[in-house]
Amino acid sequence: MASIWEWANPRKFMAWTDRALPLLSVLSACIFIIGLVWGFFFTPDDYRQGATVKIFYLHVPSAMMAINIWGMMLVASLIWIVRRHHVSALAAKSAAAIGMTMTLIALITGAIWGKPMWGTYWEWDPRLTSFLILLLFYIGYMALWEAIENPDTAADLTSVLCLVGSVFALLSRYAVNFWNQGLHQGASLSLDAQENVADVYWYPALVAIAGFILLFVTLVLLRTRTEIRARRLHALEMRERVQGQ
């Protein structure tokens, strides 16, 4: 455990991410593009949904990431509360904008898919509603960071907000199981072979999901590095201000 915290030290974090990010960026870009190109251009149309089914390769990975990114923020926030580890707080802050973007992609692609399938762009379905609330929590989380000048106080309050928002992240994941009513279908990807999509859609979907995961890891590392630099710059400005007085 000591070695884990050692590698999360801001100086060491900047050093190892500086070496890892070039390779990680290329890998994530390649897998992301391969997954989407395979899904959109090399899979057949569905016998019921036609070409509309291919939005699956954007909608499902982005929806999964929207929920799981909040889970990552929850873990990072708990580490901040317990350990007062600044990199964890900055990682949670860095992940929020990415999670909000993923939630928006999931909502927009869901609306595009819903129009031909349901006859409407929006329905107050349990999962759709919980996803909309999750989006509002993402926006509120980022707004709270910007509204408070003291970074440690901001980290404390946003960590509490993250704990509360985790309820809606959980609801977004299991809303279909909690409420039987609603238009939204159950899980498309499952360990149960009878509930899963056909293999011709399954394999490119796995590649697309891997691409989304790697893209998130790359972006959150880049944004965390930026936040660390911004924190250092703020500390230097405060020091100069104190010395000037």
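**Helix 5**

I started with burial along helix 5 and listed its buried residues: Arg127, Leu128, Ser130, Phe131, Leu134, Leu135, Phe137, Tyr138, Tyr141 and Trp145. I note here that the model is a predicted one. I then looked up the extent of helix 5, which runs over residues 126–147 and has 22 residues. From first C-alpha to last, helix 5 reaches 31 Å, close to the 32 Å expected at 1.5 Å a residue.

**Transmembrane annotation**

I checked the UniProt record next. The entry is unreviewed and places "transmembrane region" at residues 21–42, 62–82, 94–113, 128–148, 160–180 and 200–222. I compared two of these spans with the model. Residues 21–42 are 95% helix and 0% strand, and the end C-alpha atoms of that span lie 30 Å apart. Residues 62–82 are 100% helix and 0% strand, with end C-alpha atoms 30 Å apart.

**Aromatic pairs**

I searched for ring pairs and got seven aromatic pairs. One of them is Phe32 with Phe212, at 5.1 Å centre to centre. The angle between the planes is 55°, and the pair is classed as tilted. Phe32 lies in helix 2 (residues 10–41) and Phe212 in helix 7 (residues 199–244), so this contact ties together parts that are 180 residues apart in sequence. I looked up Phe212 for burial: its relative accessibility is 3%, so Phe212 counts as buried.

I also found a cluster in which ring pairs link Trp70, Phe137, Tyr138 and Tyr141.

**Salt bridges**

I ran the search over the whole structure and it returned four salt bridges.

Asp45 and Lys54 meet through their side chains at 3.7 Å, N to O. I checked both ends of this bridge. Asp45 is partly exposed because its relative accessibility is 47%. Lys54 has 11% relative accessibility, which is under the 20% cut-off, so Lys54 counts as buried.

Arg84 and Asp156 form another salt bridge, at 2.8 Å, N to O. This pair links distant parts of the chain, 72 residues apart. Arg84 sits in the loop between helix 3 (56–83) and helix 4 (86–118), and Asp156 sits in helix 6 (residues 151–178). I have Arg84 as partly exposed at 39% relative accessibility, and Asp156 as partly exposed with a relative accessible area of 29%.

Lys93 and Glu227 also form a salt bridge, at 3.2 Å, N to O. Lys93 is in helix 4 and Glu227 in helix 7, and this pair links distant parts of the chain, 134 residues apart. Lys93 counts as buried at 18% relative accessibility. Glu227 is buried too, with a relative accessible area of 17%.

**Cysteines**

I searched the whole structure for disulfides and found zero. Cys30 is at 41% relative accessibility and counts as partly exposed. Cys162 is at 0% relative accessibility and counts as buried.

Note on methods
Residues are numbered from 1 along each chain as its sequence is written. This is a predicted model: local features need pLDDT of at least 70, side-chain atom pairs count only at pLDDT 80 or more; totals for chains, interfaces and linings use all residues. Side-chain values use heavy atoms; hydrogens and water are left out. Helices (H or I, at least four residues) and strands (E, at least two) are DSSP runs, numbered from the N terminus. The expected span of a helix is 1.5 Å times one less than its number of residues. Buried means under 20% relative accessible area, exposed over 50%, partly exposed in between (1.4 Å probe, protein chains only). UniProt positions are given in the numbering used here, feature names are shortened, and annotations may be inferred rather than shown by experiment. Rings of Phe, Tyr and Trp (its six-membered ring) pair if their centres lie within 6.5 Å; planes under 30 degrees apart count as stacked, over 60 as edge-to-face and the rest as tilted. A disulfide is a pair of cysteine sulfur atoms within 2.5 Å.
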